[in-house]
Amino acid sequence: MNNNSPAGRRYLKRFIPTMIAYVVLVFGASFAFRLLDPTGPVAWLIAVAPALPIVAMIAIMGLYIREEKDEFQRNVLIESMLWGMGLTLSATTVAGFLEMYVHTPPMQSFWAFPLFCGAMGLSQVVVRRRYR
Amino acid sequence: MKNRLKVLRAERDWSQADLADRLEVSRQTVNALETGKYDPSLPLAFRIARLFGQPIEAIFDDGEA
């Protein structure tokens with residue numbers, strides 16, 4: 001991510017409130033389930049709420065790629081994203097087979113996105129070093 | 001791809017940051033271009049060529065000619 005470009009600054013301006021909404025909704029949902037013990041459609045709504053900012057984050061990343069005018073920076077990010085996706089898909093595939101055959105503790109699928117972000121972040125370091 | 005960006009920049013006494021400002025890209029982009037590790041798109045190559053007042057093939061060398 002190039003935070004000095006207009007697209008990078010717009011990205012940050014969208015990223016920060018979205019992450020705040022995520023934290024609020026994660027804790028909110030947790031409290032709601034503990035205190036209210038919701039059922040039916042209400043339970044579904046509360047359960048889905050924390051996922052919405054993450055879906056928004058994915059769209060915000062897409063917007064950055066569309067808006068970034070510096071093609072090299074865009075290229076570095078796209079390469080890093082592809083590495084992140086490859087690593088995430090590999091890790092979740094391995095984890096899935098391990099769960100099925102040797103009964104490792106099941107991994108909840110919402111970990112896929114943080115895993116992707118971490119893998120993308122690490123990849124970005126490597127990708128940037130290659131262009132230096 | 002080999003190129004003469006560093007020479008052209010030095011002739012004008014510009015820093016990488018100066019060239020980056022003129023091309024409206026980041027300094028890292030200028031560095032990746034100069035080292036030949038990143039090849040610019042056609043639109044960026046045209047912008048570079050216009051900035052230095054030279055044809056693209058006088059700046060970039062794909063080793064084929």
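Predicted model: local features only at pLDDT ≥ 70, side-chain atom pairs only at ≥ 80, totals over all residues.
User: Where is A:His103 found, and what is its phi near?

Analyst: A:His103 is found in the loop that runs between helix 4 and helix 5 (112-130) of chain A. Most residues other than glycine have a negative phi. A:His103 is not a glycine, yet its phi is positive, near 55°.

User: Is B:Asp13 buried or exposed?

Analyst: B:Asp13 is another non-glycine residue with a positive phi, here about 60°. In chain B, this residue is found in the loop between helix 1 (5-11) and helix 2. B:Asp13 has 7 C-beta neighbours inside 10 Å, so it counts as exposed.

User: How are helix 1 and helix 3 of chain A oriented to each other?

Analyst: Helix 1 (residues 6-35) and helix 3 (residues 51-67) of chain A have axes 9 Å apart, and their packing angle is about 175°. Angles over 145 degrees fall in the antiparallel class. Helix 1 of chain A and helix 3 of chain A are therefore roughly antiparallel.

User: How many nonpolar residues are in the contact of helix 1 of chain A with helix 3 of chain A?

Analyst: On the helix 1 side of chain A, the residues that meet helix 3 include A:Tyr11, A:Phe15, A:Tyr22 and A:Leu25. Helix 3 of chain A brings residues including A:Ile54, A:Met57, A:Ile60 and A:Tyr64. By class, this contact of helix 1 with helix 3 of chain A has three charged residues, one polar, and nonpolar residues numbering 12.

User: And how are helix 2 and helix 3 of chain B oriented to each other?

Analyst: The axes of helix 2 (residues 16-23) and helix 3 of chain B lie 8 Å apart, at an angle of about 105°. Helix 2 of chain B contributes B:Gln16, B:Ala17, B:Leu19 and B:Ala20, while helix 3 of chain B contributes B:Arg27, B:Thr29, B:Val30 and B:Asn31. Angles of 65 to 115 degrees form the perpendicular class. Helix 2 and helix 3 of chain B are therefore roughly perpendicular.

User: Which helix gives the most to the side of chain B that touches chain A?

Analyst: The contact draws nine residues from chain A and 10 from chain B. The chain B side has four nonpolar, four polar and two charged residues. With three residues, the element that gives the most to this side is chain B's helix 3 (residues 27-34).

User: How far apart are the C-alpha centres of domain 1 and domain 2 of chain A?

Analyst: Chain A is divided into domain 1, covering 1-69, and domain 2, covering 70-132. Their contact takes seven residues from domain 1 of chain A and six from domain 2 of chain A. On the domain 1 side there are three nonpolar, two polar and two charged residues. The separation between the C-alpha centres of the two domains is 19 Å.

Methods:
Residues numbered from 1 in each chain as written. Chains lettered and ligands numbered in written order. Domains from an automatic or database assignment. Contact = placed C-beta atoms within 7 Å. Nonpolar A, V, L, I, M, F, W, Y, C, P; charged D, E, K, R; others polar. Helix = DSSP H or I, 4+ residues; strand = E, 2+ residues; numbered from the N terminus. Axes fitted to C-alpha atoms, helices over the stretch in contact; angles between N-to-C directions. Parallel < 35°, antiparallel > 145°, perpendicular 65-115°, else oblique. Buried ≥ 20, exposed ≤ 12 C-beta atoms within 10 Å, placed from the backbone.
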